[in-house]
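Dear colleague,

Please find below the structure I promised to hand over, with its sequence.

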Amino acid sequence: MTAHTSEQDNWKKAAGEAAAQLVQDGMLIGLGTGSTANYFIQALGLRLQAGLQIAGAVPSSNASHDLAAQVGIPLTTLDAHPELDLYIDGADEIDPELRLLKGAGGALVREKIVASSAQRFIVIADPSKQVSHLGQNFPVPVEVTPFGVSPVLKHLQALGASAQIRVKNGSTFISDNSNLIVDCRFPQGISDPSSLDARIHQIVGVVETGLFIHMASQVIIGGPNGLQYLP
Ligand SMILES: O=C[C@H](O)[C@H](O)[C@H](O)COP(=O)(O)O
């Protein structure tokens with residue numbers, strides 16, 4: 001679905017605000033990263049100003065940390081609180097089984113760690129994120145330690161990927177964890193995301209992938225007809 005940007009922003013905002021309504025007093029929350037998660041963070045800040053009291057929030061990136069601090073969200077860490085009640089984040093692609101592709105913003109490692117530490121992971125998105133097959137619109141991002149990235153590229157190519165080290169604004173992109181991101185496109189398609197994820201993890205030097213398989217508890221899509229909850 002193509003949509004005017006401001007319209008798409010309104011849908012992301014509606015999903016973010018709906019997710020903020022799910023936060024209850026005393027909860028430990030994980031904060032996602034990206035333009036949709038930013039709407040959630042802002043809406044959560046407003047709820048806190050209105051009297052909601054949470055036990056703390058763990059951001060999944062330096063950018064989300066900074067925005068959360070700006071809007072008055074009390075921040076904590078997974079070391080202080082290894083188990084969270086709820087994680088809210090956006091996604092780049094969502095397939096019919098609610099498998100996700102994430103990491104276009106490069107925050108995939110911390111996002112996956114925070115998501116896997118939460119009892120519930122609710123994804124917020126606009127309709128452009130719904131795809132029939134993962135890999136349709138975005139490459140699979142793979143975070144890699146800078147040392148020995150060349151052998152990792154060769155292994156990824158052997159899996160059928162066209163693999164490129166991510167460059168942003170003319171410079172090599174460095175993640176919050178001081179690693180590289182290798183974007184992998186699979187021209188032949190991704191028939192089994194779960195097995196692809198497992199095979200990429202076998203490559204030494206790979207830190208994590210942007211494939212989030214069976215991690216999402218629910219997806220909230222903001223769109224032209226209001227909110228849609230999946231399942
Ligand atoms: O690394 C970035 C994250 O995975 C984002 O959650 C994802 O790219 C979605 O971002 P946005 O809401 O800006 O489309």
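Please keep in mind that this is a predicted model.

I begin with helix α5, which covers residues 149-158 and has Val152, Leu153 and Leu156 as buried residues. Viewed along the axis of α5, its buried residues fall within an arc of 105°, so they line one face of the helix. On the other side of α5, the residues Ser150, Pro151, Lys154, Gln157 and Ala158 are exposed. The cover over the buried residues of α5 includes the strands β7 (140-144), β8 (162-165), β11 (180-185) and β12 (206-209). After α5 comes glycine 160, which has a positive phi, near 100°.

The next topic is the nonpolar core. The largest one has 59 residues, and Ala15, Ala19, Phe40, Val123, Ile124 and Val182 have the most contacts inside it. Both domain 1 (5-131 + 213-230) and domain 2 (140-205) contribute at least three residues to this core. Leaving aside residues up to four places away in sequence, Phe40 touches Gly16, Ala19, Ala20, Gly32, Ile88 and Ile124.

Finally, I turn to the ligand. There are 18 residues around the ligand, and Gly34, Ser35, Thr36, Gly90 and Gly105 come nearest. By type, the shell consists of 5 nonpolar, 9 polar and 4 charged residues. Helices α2 (35-49) and α4 (108-116) each supply at least two residues of this shell, and the largest share, 3 residues, comes from α2.

Yours sincerely,
A colleague

Terms used
Residues are numbered from 1 along each chain as its sequence is written. This is a predicted model: local features need pLDDT of at least 70, side-chain atom pairs count only at pLDDT 80 or more; totals for chains, interfaces and linings use all residues. A residue is near a molecule or strand if its C-beta atom, placed from the backbone, lies within 6 Å of it. Helices (H or I, at least four residues) and strands (E, at least two) are DSSP runs, numbered from the N terminus. Ala, Val, Leu, Ile, Met, Phe, Trp, Tyr, Cys and Pro count as nonpolar, Asp, Glu, Lys and Arg as charged, and the others, Gly among them, as polar. A nonpolar core is a set of buried Ala, Val, Leu, Ile, Met, Phe, Trp, Tyr and Cys residues joined through C-beta atoms within 7 Å. A residue is buried if 20 or more other C-beta atoms lie within 10 Å of its own, exposed if 12 or fewer, and partly exposed in between; C-beta atoms are placed from the backbone. Domain bounds come from an automatic or database domain assignment. Two residues are in contact if their C-beta atoms, placed from the backbone, lie within 7 Å. The arc is that of the directions from the helix axis to the C-beta atoms.
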